[in-house]
Amino acid sequence: MPTDRWPPLHCSIWFSIYGLFVLFSVGSSLCLKGSKMENCLNLSSSSSTNLSLKNNRSLPISTIFSLPSPIPKWPPGEGFASGIIDLGGLQVSQISTFTQIWATHEGGPDNLGATFYEPSSIPQGFFMLGSYSQPNNKPLFGWVLVAKDTTNDSPNGSLKMPLDYTLIWSSESSNIKQDSKGYIWLPTPPKGYKAAGHMVTNSLKKPSGEKFRCVRTDLTDLIEVDTWIWGLGEEVNSSGLNIYSSRPTIRGTQALGVPVGSFLTKYGGVAMSLACLKNVKANLSTMPNVQQIQALVQAYSPSIYLHPDEEYLPSSVNWFFQNGALLHKGQDNTPVRIEPNGSNLPQGSSNDGAYWLDLPIDEKAKEMVKKGYLDTAKAYLHIKPTLGATFTDIAMWIFYPFNGPARVKVMIINIPLEKIGQHVGDWEHVTLRVSNFNGKLKAIFFSQHSGGIWVDASELEFQNGNKPVTYASLHGHAFYPKPGLILQGGDTIGIRNDAAKSKMVMDTGTRFTVVAAEYLPPSIVVEPPWLNFTRKWGPNINYDIDEEIEKVEKLLPGKLKSKFMNFVRSIPKEILGEEGPTGPKVKNNWIRDELP
């Protein structure tokens, strides 16, 4: 590591220890309103709403989120962004306009409560499948599906009215801040049908069966809880009422489950019997064509900011190959230079350890390649259907020739590690999730080492219209939606992930190439040879981790030594850098969802 960036290790640690001693000695005693119609809220058209705007004005949910700029008119195609999707005997439409029904002002995330809605402006012939709910700690930004029976088979149609409603919870006996009394109902479906959502009212009168429908069982799929929306306390209480968003249990490029957008209730740890929909038609005509993909990338391409102290920059794969990257084979001591397009890389098979890539042998060339070359960097795009082809995931893969050493924070002491975290060949990605009903950006997944997070569009930072901002962490290159320090581990000890804006920025909209879109004919999107290299993009690194720990451990105060040692030993191998990473097509999320 360059000496002009870090002071000598022992000096910086003893300086921090002195600060720690002082700290311990002295003690230590955080539609936009009147705007575009992306999400709209109707407060006056329903007698079931009596929420005082004065009481609700300060809550984040009182602001209706809209993308900063209008979405463009998409190029013509088959079914993408047409507003309606045919699932096979059942047409569905995504509704983002709501009538507020009931709100509570405590409990749930940040103890701000939640609000419950019905979809409004429902197209003629379509029916509700469930109510919508969202925590009050976020701007209003959501959707639910409404459905239309297209079978022309009255006795066995795809939709039927519920036989009855069962009251599963009421706020009457709850001592909580609320705008009125709230009631959550579970529809009783006819035999051979399932309910796909709850109904919410603010009176004890049962909901009307005229506007709600249950779905024929063969057109449904299994669901599971996703994120927590609300409960009576500030944290999930497994013995009480909890409201969750839901998602199909099986997810991936081949999975047919379609989320309804409604919520799922668990009471006493038991989930109510609900289902999602299923794209039984396996209809992929809703996916964007090549021209529409280009337009989507131009509309939503993220800007990736590198940390101002970043030494190890991204590059194109071709630049990596052209500048001396080597292909190693087993015990063969004569590595081979890789062709610029990777045409001499072994194809297919499995990650069997027979081959791996590495930096050039020449030290000068090796150091040059490790630094990368930002001007050549590209975003490599994988376009794939998800959630029953009602959404498109645009996975943007970024390649770094080298991943730098990690840094650990122990209390107030920052420790630059010499080898831990280093590895050759670093693949990182962000995934844009776009609605196939209208082409609107709904969320982004930020990959972070061995995991990552989904972030709703309403919580993203944007610039230059609807282009999200992404931050790559120093040395580790994990992606984050906001700048700052993210400590991976615990509150007092962990791997530092520092993210900040700098003059080093990658505009993914100006340098990208689509490398895979399996739903399109192979002649339209030709996969480069390197994509089907299934072995490791870097060698396994064998170093004495105990020796690395001892270099730092002996300089720490007594109690911190054991904490540091235990923490380092708990770090996954992919973060330690002991194992060479695999390429995008070998990752689980290539055909599955981003998170299990």
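Leu-387 is found in the loop that joins β26 (379–386) to β27 (391–403); helices (H or I, at least four residues) and strands (E, at least two) are DSSP runs, numbered from the N terminus. The phi angle of Leu-387 is near 55°, a positive value in a residue other than glycine. Leu-387 counts as buried because its relative accessibility is 10%, where buried means under 20% relative accessible area, exposed over 50%, and partly exposed in between (1.4 Å probe, protein chains only). The model is a predicted one, in which local features need pLDDT of at least 70 and side-chain atom pairs count only at pLDDT 80 or more, while totals for chains, interfaces and linings use all residues. Residues are numbered from 1 along each chain as its sequence is written, and side-chain values use heavy atoms, with hydrogens and water left out.

Asp-110 also has a positive phi, near 60°, and is likewise a residue other than glycine. Asp-110 belongs to the loop between β4 (97–104) and β5 (114–119). With 59% relative accessibility, Asp-110 counts as exposed, whereas Leu-387 counts as buried.

Strand β26 itself contains Ala-379. This alanine is buried, its relative accessible area being 0%. Which residues does Ala-379 contact, leaving aside its neighbours within four places in sequence? With contact taken as heavy atoms within 4.5 Å, the partners are Met-396, Trp-397, Ile-398, Met-506, Thr-508, Arg-511, Phe-512 and Thr-513. Ala-379 and Phe-399 are 20 residues apart along the chain, and their C-alpha atoms are separated by 8.1 Å.

Aromatic rings come next. A pair of aromatic rings is described by the distance of the centres and the angle of the planes. Rings of Phe, Tyr and Trp (its six-membered ring) pair if their centres lie within 6.5 Å; planes under 30 degrees apart count as stacked, over 60 as edge-to-face and the rest as tilted. By this rule there are 30 aromatic pairs. In one of them, the rings of Trp-319 and Tyr-373 have centres 6.0 Å apart and planes at 55°, so the pair is tilted. Trp-319 lies in helix α4 (residues 317–322) and Tyr-373 in the loop between α5 (363–370) and β26, so this pair ties together parts that are 54 residues apart in sequence. Trp-319 is buried, with a relative accessible area of 9%, while Tyr-373, at 39% relative accessibility, counts as partly exposed. Phe-533 and Trp-537 give an edge-to-face pair, because their ring centres are 6.3 Å apart and their planes stand at 75°. Both of these residues, Phe-533 and Trp-537, are buried. They also belong to a cluster linked by ring pairs, together with Phe-320, Phe-321, Tyr-380, Trp-397, Phe-399, Trp-427 and Trp-530.

Rings can have charged neighbours too. A charge sits over a ring if NZ of Lys or CZ of Arg is within 6 Å of the ring centre and within 35 degrees of the ring normal. The ring of Phe-127 has the charged end of Arg-213 over it, 3.8 Å from its centre. Over the ring of Phe-402 sits the charged end of Lys-370, 4.5 Å from the ring centre. Just after α5, Gly-372 takes a positive phi of about 70°.

The last part concerns strand pairing, where two strands pair if DSSP finds at least two bridges between them. How many of the eight residues of β17 (residues 241–248) are buried? The count is eight of eight, and the strand is mostly covered. Strand β16 (residues 223–231) runs antiparallel to β17 and is joined to it by six bridges, with Trp-230 opposite Ile-243 in β17. Strand β19 (residues 263–267) is also antiparallel to β17, with five bridges between them, and here Asn-242 stands opposite Lys-266 in β19.

Strand β11 (residues 183–188) is mostly covered as well, with five of its six residues buried. Six bridges pair β11 with strand β10 (residues 164–170) in the antiparallel sense, and Tyr-165 has Pro-187 in β11 as its bridge partner. Strand β13 (residues 199–201) pairs with β11 over three bridges, again antiparallel, and Ile-184 stands opposite Val-200 in β13.
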